[in-house]
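Here is a short note on the structure shown below. The points can be checked one by one against the coordinates.

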Amino acid sequence: MSKVTSGGGVGGVGNGVRADATDARILRALAKEPRATVLALAQRLGLSRNTVQARLARLERDGVLRSFEYRIDPAALGYPLTAFVTAEVEQRRLTEVGEALGEIDEVIEVTGISGDMDLLIRVIAADADDLYRVAGRILACPGIVRTRTALAMRELLPFRLSAVLDNLAGQAPRPKGLR
């Protein structure tokens with residue numbers, strides 16, 4: 001596994017770790033069967049149990065394997081609405097804003113972005129009135145200058161990494177010109 005020099009975790013800003021082909025094979029197998037045991041993964045991939053265990057431990061420690069929470073559907077918890085709030089922030093108060101947003105349970109993800117706005121905030125809500133309340137709490141955070149809210153109408157393509165894992169694991173040909 002080789003290191004890269006960026007930090008973070010979204011859109012070209014990595015967590016400082018780069019998975020190799022073996023890591024990708026393990027992650028691919030785990031993505032297909034999340035409940036597989038280390039022994040089952042090792043047997044399926046033709047690797048030793050210790051190799052799989054050590055790599056999984058490192059991937060988890062380095063933040064490559066993320067929280068199980070990502071797989072839970074908020075609608076099943078009574079939050080069927082998803083919205084994306086963009087926010088303009090007073091730059092010197094970015095840390096304070098992040099902490100304040102962390103106090104709002106319905107804020108499930110915050111990403112720093114480039115462009116006119118500074119943050120992309122993913123929120124969930126029980127209904128339109130609840131979304132109005134959550135958006136108001138976000139706007140009231142010290143350091144937030146203005147917000148814009150867009151309701152997610154439907155998911156056209158769910159989060160996926162399988163094609164990238166296939167390429168990295170050497171299981172799928174890469175398109176010409178992208179090698």
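1. β4 and β5 are paired in the antiparallel sense, over five bridges. As a place to look, Gly112 stands opposite Leu119 in β5. Keep in mind throughout that this is a predicted model.

2. The pair belongs to an open sheet of four strands, in the order β4-β5-β3-β6, with antiparallel pairing. β4 and β6 are the edge strands, since each pairs on one side only. On average, neighbouring strands of this sheet are turned by 20° against each other, direction ignored.

3. α4 lies across β3, β4, β5 and β6, and runs at about 10° to β5. α5 also lies across β3, β4, β5 and β6, and runs at about 155° to β6.

4. Which residues of α5 are buried? They are Asp130, Leu131, Val134, Ala135 and Ile138. These residues lie on the same side of α5 because they cover an arc of only 135° around the axis. Asp129 and Tyr132, on the other side of α5, are exposed. For this reading, buried means under 20% relative accessible area and exposed means over 50%.

5. What do the buried residues of α5 pack against? Their partners are the strands β3 (81-89), β4 (107-112), β5 (119-125) and β6 (144-151), together with the helix α4 (94-102).

6. The N-terminal end of α5 is capped by Asp127. A side-chain oxygen of Asp127 lies 3.1 Å from the backbone nitrogen of Asp129. Asp129 is also one of the exposed residues named above.

7. Now step back to the protein chain. Its secondary structure comes to six helices and six strands. Read from the N terminus on, the elements run β-β-α-α-α-β-α-β-β-α-β-α.

8. Two figures describe the protein chain overall. Of its 179 residues, 27% are buried. Among contacts with a separation of 6 or more, 60% are between residues 24 or more positions apart.

Methods
Residues are numbered from 1 along each chain as its sequence is written. This is a predicted model: local features need pLDDT of at least 70, side-chain atom pairs count only at pLDDT 80 or more; totals for chains, interfaces and linings use all residues. Side-chain values use heavy atoms; hydrogens and water are left out. Buried means under 20% relative accessible area, exposed over 50%, partly exposed in between (1.4 Å probe, protein chains only). Helices (H or I, at least four residues) and strands (E, at least two) are DSSP runs, numbered from the N terminus. The arc is that of the directions from the helix axis to the C-beta atoms. Contact means heavy atoms within 4.5 Å. A polar contact is a pair of N or O atoms within 3.5 Å; within protein, one must be able to donate a hydrogen and the other to accept it, and residues adjacent in sequence count only if both atoms are side-chain atoms. Two strands pair if DSSP finds at least two bridges between them. Axes are lines fitted to C-alpha atoms, for helices over the stretch in contact, and angles run from 0 to 180 degrees between N-to-C directions.
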